[in-house]
Amino acid sequence: MEEQDFELEKPEEKEGTHQGPVALHSVTALSGMYQDWFLDYASYVILERAVPHLYDGLKPVQRRILHSMKRMDDGRFNKVANIIGHTMQFHPHGDASIGDALVQLGQKDLLIDTQGNWGNILTGDDAAAPRYIEARLSKFALDVAFNPKTTDWKLSYDGRNKEPVTLPVKFPLLLAMGVEGIAVGLASKILPHNFNELIDASIDYLSGREFVLYPDFPTGGLIDVSKYNDGLRGGTVKVRTRIEKLDKKALVITEIPFGKTTSSLIDSIIKANEKGKIKIRKIDDNTSANVEVVIHLMPGISPDKTLDALYALTDCECSISPNTCVIAGSKPAFMGVSDLLRHSADNTVKLLKRELEIRLSELQEEWHMSSLEKIFIEERIYRDIEECETWESVIKTIDDGLKPFRKRLLRDVTREDIIQLTEIRIKRISKYDSKKADEHIKGIEKEIEEVKNHLSNIIPFTINYFRQIKKKYGKGRERKTEIRSFDTIQATKVIASNAKLYINYKEGFIGTGLKKDEFVCDCSDIDDVIVIRKDGGYLITKVADKVFVGNDIIHAQVFLKNDERTIYNIVYQDGKDGPLMVKRCAITGLTRDKEYNLTRGSAGSKIVYFSANPNGEAEVIKVYHKPKARLKKLVFEFDFGQLAIKGKSSMGNILTKNSIQKISLKEKGLSTLGGRKIWFDDAVFRLNVDSRGIFLGEFSADDKILVITRDGRFRTSGFDLSNHFEENILLIEKFRSGKVFSAVYWDAEQQFYYVKRFTVEDSEKPLCFINEEPESRLISITEVEYPRLEIQFGGKHKERGNEIIEVAEFIGIKSYKAKGRRLTSFTVDNIHEIEAVVKKESATASVEPAEEAEEAQRHSDIKSDPTQMELGL
């Protein structure tokens with residue numbers, strides 16, 4: 001920064017005034033100095049420290065590290081301490097910043113080969129000291145990031161060395177590695193993307209096709225990219241831990257979200273457990289090369305509900321907000337990741353074209369000198385200089401000797417060319433092989449034509465360059481983070497009960513701190529409570545230590561929002577002397593702490609009978625009238641099942657206009673809501689009641705779901721909405737005992753194809769119905785009553801005609817444990833199911849029940865699995 005000198009003005013001296021050390025001085029205002037210096041500092045931090053450049057995707061410290069490593073490169077590993085010291089020639093900010101940046105580059109496993117303990121991005125362990133670890137440039141970095149001929153250079157900070165302005169990177173490096181930097185009033189956060197997908201997207205862009213890019217993290221996990229917004233400001237992605245059910249008593253974490261470590265993840269789980277939000281027994285961290293964190297559950301705790309609670313209440317799910325900011329044209333610029341890739345691909349085309357042009361120039365120069373040398377030797381021009389006495393006469397003689405042949409050259413002959421000819425040794429002239437020289441020149445001409453062809457087809461050349469990069473370095477860089485759509489998990493539905501709710505009916509208080517009063521139920525500290533009073537008034541309030549809700553409380557319970565199955569059966573008197581009204585209603589959603597009323601609101605109204613039914617049960621009540629002249633019926637019964645369920649604001653029907661003595665319960669009733677309609681959303685692998693995905697049917701209390709997976713296993717499950725399902729589901733439907741399935745599978749142990757017919761059993765544990773050898777695989781499975789298979793033969797038996805198998809006649813119904821029957825001993829090329837033949841007994845059978853008809857209709861809507869229709873083997 002420019003130094004400024006400021007002078008303090010001396011005050012005027014007055015006669016007779018003592019001028020001592022305490023004399024006052026006027027101060028000159030330093031207006032503008034802070035503003036200018038701050039802007040200089042902010043600009044420096046933005047341009048020279050925190051934000052990556054558009055073209056090479058590197059921050060200055062990263063670029064200087066790679067430049068230093070290139071200068072030191074001899075193919076062997078170098079001590080990181082030496083690399084740091086060498087980089088300090090170019091980077092003026094100390095060894096700590098260089099060391100941290102170098103370790104981060106090494107952990108990305110792209111540009112640098114590492115040796116020693118470089119830390120662990122999974123556990124958060126630090127790298128060893130720089131004197132103990134070593135590094136060198138990777139082959140990939142040497143191939144794509146360096147070329148001194150196409151590099152623009154500038155002086156280093158002290159003027160002693162040259163450093164690159166940007167490295168000539170021919171790859172979307174910024175998107176592959178990602179970056180995070182905080183400057184002054186500005187931040188950049190670009191998420192890493194998949195190596196192979198970036199190359200494919202570059203090829204698509206250069207080919208004129210559309211492309212889309214989504215993040216991919218080295219830690220794996222799951223990601224929801226529905227709001228990624230191309231990496232621009234305002235976008236966000238949700239990332240999740242990959243959690244699997246080990247058994248009914250344990251969960252295991254196998255992949256973690258980006259930006260988290262196993263230590264931070266375990267800390268967040270322990271905090272949630274200490275607050276009572278989840279209930280776990282212990283956590284075992286077995287992470288080494290791969291993540292393995294085992295969460296042991298308390299007895300009786302649902303693993304499915306705990307899994308949801310981990311996502312909702314801990315760092316197992318978190319949001320990341322990208323902010324794609326780069327340096328372009330010496331100033332920060334905001335753009336999407338698609339624009340970044342386009343700029344990178346265009347820059348790669350430009351760099352490759354420049355390399356080809358340089359190579360063409362070098363080849364043309366080589367051809368020129370080779371041709372000149374051929375003329376000089378074959379035409380024996382060197383003999384003409386034997387009589388020359390001065391250097392100038394030698395130059396002139398050679399120049400004159402070359403004049404007849406200049407038309408055969410690509411350019412004019414210069415003095416430097418002649419000087420180079422004079423430096424040819426006599427030994428080389430004597431051993432000159434004209435035929436070999438001609439072959440060399442033809443080889444150069446061929447290469448020149450090839451380079452010119454590449455220049456005229458620079459886009460196909462660039463596309464082929466990207467393909468070669470993918471072929472050479474793409475193996476082992478497949479996507480690690482699975483793209484999924486996440487369902488929204490409501491914390492109130494999955495949080496464990498970590499408090500107890502008490503009520504004081506006499507004083508009208510409710511809360512978790514009233515431990516001397518009557519217990520209501522278990523709850524959590526984020527739950528809402530519904531309170532209903534005798535006058536018909538009710539409200540929703542948040543669980544608190546102690547809160548006044550009013551006198552004459554008749555019902556208090558944890559409130560479940562949007563719960564349409566809890567039905568309230570109510571008899572109330574409308575006004576002081578009005579008729580008795582009866583109603584059934586559900587309370588699904590209310591404004592918190594706002595007063596509502598279940599009656600018509602007339603003065604003196606009161607509830608005389610009330611019941612809350614969690615599954616819509618409708619009881620029978622007995623109503624006793626007060627004796628009255630001419631009243632013949634003193635007692636009568638009323639069944640709530642004959643009353644329709646209406647809104648909470650409805651006034652209901654008249655039960656009686658006479659005064660009553662009491663109302664009593666005669667008998668409890670059954671649910672009037674019928675079965676619960678359940679759908680399976682195959683985008684998030686969860687059940688729902690919102691008509692999303694595949695309709696599974698109506699489920700009552702004891703009904704179950706059958707799940708068949710692609711690896712040849714089946715299991716049954718309840719229809720709780722919190723249940724989790726496998727991602728390799730082949731078939732999911734309502735379980736019906738005795739239903740027959742026909743399956744074809746490859747037995748890896750016997751090396752033959754088998755067919756079997758079996759019925760599934762009710763088992764929550766997955767059961768395998770094919771051979772359990774790892775290489776065994778399920779080919780197809782069908783529910784058709786009389787399936788038919790067509791076998792197409794291959795290999796040495798390909799001339800054999802196709803064979804039709806009537807499965808029901810070929811093999812009988814057996815246990816799922818049975819091996820089945822071998823289909824054929826010949827080499828098989830293809831097995832596929834063909835249209836079944838309708839048997840006579842099926843044609844004369846009675847009409848199928850409504851439930852089976854519904855099942856048949858549902859299966860017509862399910863997408864068929866390719867293996868069920870046809871499979872090329």
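Mentor: Helices here are DSSP runs of H or I with at least four residues, strands are runs of E with at least two, and both are numbered from the N terminus. Before going further, please keep in mind that this is a predicted model, in which local features need pLDDT of at least 70 and side-chain atom pairs count only at pLDDT 80 or more, whereas totals for chains, interfaces and linings use all residues. Residues are numbered from 1 along each chain as its sequence is written, and side-chain values use heavy atoms, with hydrogens and water left out.

Back to the helices. The axes of helix 3 and helix 4 (residues 95-107) come within 9 Å and cross at roughly 125°. That angle makes helix 3 oblique to helix 4. On the scale used, angles under 35 degrees are roughly parallel, over 145 roughly antiparallel, 65 to 115 roughly perpendicular, and the rest oblique. The axes themselves are lines fitted to C-alpha atoms, for helices over the stretch in contact, with angles from 0 to 180 degrees between N-to-C directions. Helix 3 brings Val80, Ile83, Ile84 and Thr87 to this contact, and helix 4 brings Asp95, Ile98, Gly99 and Leu102; contact means heavy atoms within 4.5 Å. By class, the residues between helix 3 and helix 4 are five nonpolar, two polar and one charged. Nonpolar covers Ala, Val, Leu, Ile, Met, Phe, Trp, Tyr, Cys and Pro, charged covers Asp, Glu, Lys and Arg, and the others, Gly among them, are polar.

Helix 3 also has helix 2 as a partner. Helix 2 (residues 60-72) and helix 3 (residues 80-87) pack at about 110°, with their axes 9 Å apart. That makes helix 2 roughly perpendicular to helix 3, and their crossing is right-handed. From helix 2, Arg64, Ile65, Ser68, Met69, Arg71 and Met72 meet Asn82, Ile83, His86 and Thr87 of helix 3. The contact of helix 2 with helix 3 holds four nonpolar, four polar and two charged residues. Notice Ile83 and Thr87: they meet helix 2 and also take part in the contact with helix 4.

Further along the chain, you can read another helix pair in the same way. Helix 10 (residues 337-378) and helix 12 (residues 415-422) have axes that come within 11 Å and cross at roughly 55°. Helix 10 and helix 12 are therefore oblique to each other, and this crossing is right-handed. Here Glu365, His368, Met369, Leu372, Glu373 and Phe376 of helix 10 meet Asp417, Gln420 and Leu421 of helix 12. Four nonpolar, two polar and three charged residues make up the contact of helix 10 with helix 12.

Now for the aromatic rings. The whole structure has 25 aromatic pairs; rings of Phe, Tyr and Trp (its six-membered ring) pair if their centres lie within 6.5 Å, and planes under 30 degrees apart are stacked, over 60 edge-to-face and the rest tilted. One of them is the stacked pair of Phe217 and Phe258, 4.5 Å centre to centre with 10° between the planes. This pair links distant parts of the chain, 41 residues apart: Phe217 sits in the loop between helix 7 (195-206) and strand 8 (222-224), Phe258 in the loop between strand 11 (250-255) and helix 8 (262-274). Phe217 is buried at 1% relative accessible area, whereas Phe258 is partly exposed at 25%; buried means under 20%, exposed over 50%, and partly exposed in between (1.4 Å probe, protein chains only).

Phe714 and Tyr816 form an edge-to-face pair, 5.3 Å centre to centre with 90° between the planes. Because Phe714 lies in strand 38 (residues 713-717) and Tyr816 in the loop between strand 46 (813-814) and strand 47 (821-822), the pair ties together parts that are 102 residues apart in sequence. Both Phe714 and Tyr816 are buried. Ring pairs link Phe714 and Tyr816 with Phe741, Phe758 and Phe769 into a cluster.

How values were computed: A crossing is left-handed if the near helix is turned anticlockwise from the far one by less than a right angle, and right-handed if clockwise.
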